[in-house]
Amino acid sequence: MSKPNSRPSTQPSSAALSPSSARSTAKKPVKRTPEQAGLLEQLQYVAQGLSETFAPFCEVVLHDLLDPKHSILAIHNNLSGRRVGDPTTELGLARIADPSYQQVISNYANQFADGRQAKSTSVGIRDSSGRYIAALCMNVDLTLFRSLQNALGQFSSIDTGAAVTESLDPAGADVIRARIDQFAARLATTPRSLKADERRALLKELKDAGCMDIRRAMEITALHLGVSRAAVYSYAK
């Protein structure tokens with residue numbers, strides 16, 4: 001389960017997600033209403049679906065808060081080393097103690113026992129009486145994403161001090177785009193929302209203004225309108 005918190009704050013603390021140091025062996029039967037049993041059964045399918053969608057970077061844990069000493073009903077994409085039958089965390093205990101405790105706590109900083117950084121989300125599930133009976137928790141391993149972020153940052157960095165001025169945009173392209181934007185604005189719409197007859201009127205206006213003599217004018221117009229070059233040629237006829 002995702003990391004717990006102390007009650008004045010709605011953000012859980014960042015203590016490590018780790019296996020339980022003391023596993024309880026004696027498990028007593030827990031009484032559940034048919035509604036509670038049905039909810040817990042259905043939540044297992046939700047946990048499975050989420051885990052398969054976000055594998056292998058997201059650990060998904062389902063807690064039965066009616067049995068806090070053995071709360072973990074299911075754990076998928078295990079990243080924390082915990083296992084089915086392990087106890088709940090402080091966050092689970094807080095929900096058991098206080099039915100008004102925040103139901104959704106999302107995207108808070110967390111950490112696995114080996115030091116890997118994580119992003120966690122915990123969703124409390126109530127029955128019809130308002131009692132918390134379960135928690136669905138997701139813990140994302142940020143290690144790979146941080147590495148990718150650093151690599152992308154390096155790859156996309158540019159030398160702002162370089163004394164070179166160059167544009168790969170054809171000369172006059174901004175003029176065409178500005179004309180198209182102005183035409184669409186007069187009709188209280190956007191370039192990509194123009195209807196076929198409006199596009200024909202636009203192409204006539206661009207031609208009369210000499211914009212279609214600009215190099216790659218058809219391609220620039222097509223891209224700005226979100227249509228094919230063939231469509232632009234047809235509107236220009």
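Serine 106 is found in strand S4, where helices (H or I, at least four residues) and strands (E, at least two) are DSSP runs numbered from the N terminus. The model is a predicted one, in which local features need pLDDT of at least 70 and side-chain atom pairs count only at pLDDT 80 or more, while totals for chains, interfaces and linings use all residues. Residues are numbered from 1 along each chain as its sequence is written, and side-chain values use heavy atoms, with hydrogens and water left out.

Because its relative accessibility is 38%, serine 106 counts as partly exposed; buried means under 20% relative accessible area, exposed over 50%, and partly exposed in between, with a 1.4 Å probe and protein chains only. Leaving aside residues up to four places away in sequence, serine 106 touches Ser120 and Thr121, a contact being heavy atoms within 4.5 Å. Between serine 106 and cysteine 137 there are 31 residues in sequence, and the C-alpha to C-alpha distance in space is 9.5 Å.

Strand S4 (residues 104-112) also holds asparagine 107, whose phi is near 55°, a positive value in a residue other than glycine. Alanine 188, again not a glycine, has a positive phi of about 60° and sits in the loop between helix H4 (173-186) and helix H5 (196-208); with 73% relative accessibility, alanine 188 counts as exposed. Another backbone feature is the peptide bond from alanine 55 to proline 56, which is cis, with omega near 0°, and proline 56 belongs to the loop between helix H1 (34-54) and strand S2 (58-64).

For the chain as a whole, there are 7 helices and 6 strands, and from the N terminus on the elements run β-α-β-β-α-β-β-β-α-α-α-α-α. Of its 237 residues, 35% count as buried, and among contacts with a separation of 6 or more, 56% come from residues 24 or more positions apart.

In helix H2 (residues 90-97), the buried residues are Leu91, Gly92, Ala94 and Arg95. They cover an arc of only 160° around the axis, and are therefore on the same side of H2, the arc being that of the directions from the helix axis to the C-beta atoms. What do these buried residues of H2 pack against? Their partners are S4, strand S5 (117-126) and strand S6 (132-141).

Two packed helices are described by the angle between their axes and the distance between the axes. H4 and H5 pack at an angle of about 135°, with their axes 11 Å apart, where axes are lines fitted to C-alpha atoms, for helices over the stretch in contact, and angles run from 0 to 180 degrees between N-to-C directions. That angle makes H4 oblique to H5, since angles under 35 degrees count as roughly parallel, over 145 as roughly antiparallel, 65 to 115 as roughly perpendicular and the rest as oblique. In this contact Ile176, Arg179, Ile180, Phe183 and Arg186 of H4 meet Glu198, Ala201, Leu202, Glu205 and Leu206 of H5.

H4 also packs with helix H6 (residues 217-225), at an angle of about 45° and with the axes 10 Å apart, which means that H4 is oblique to H6. Here Ala173, Ile176, Arg177, Ile180 and Asp181 in H4 meet Ala217, Ile220, Thr221, His224 and Leu225 in H6.
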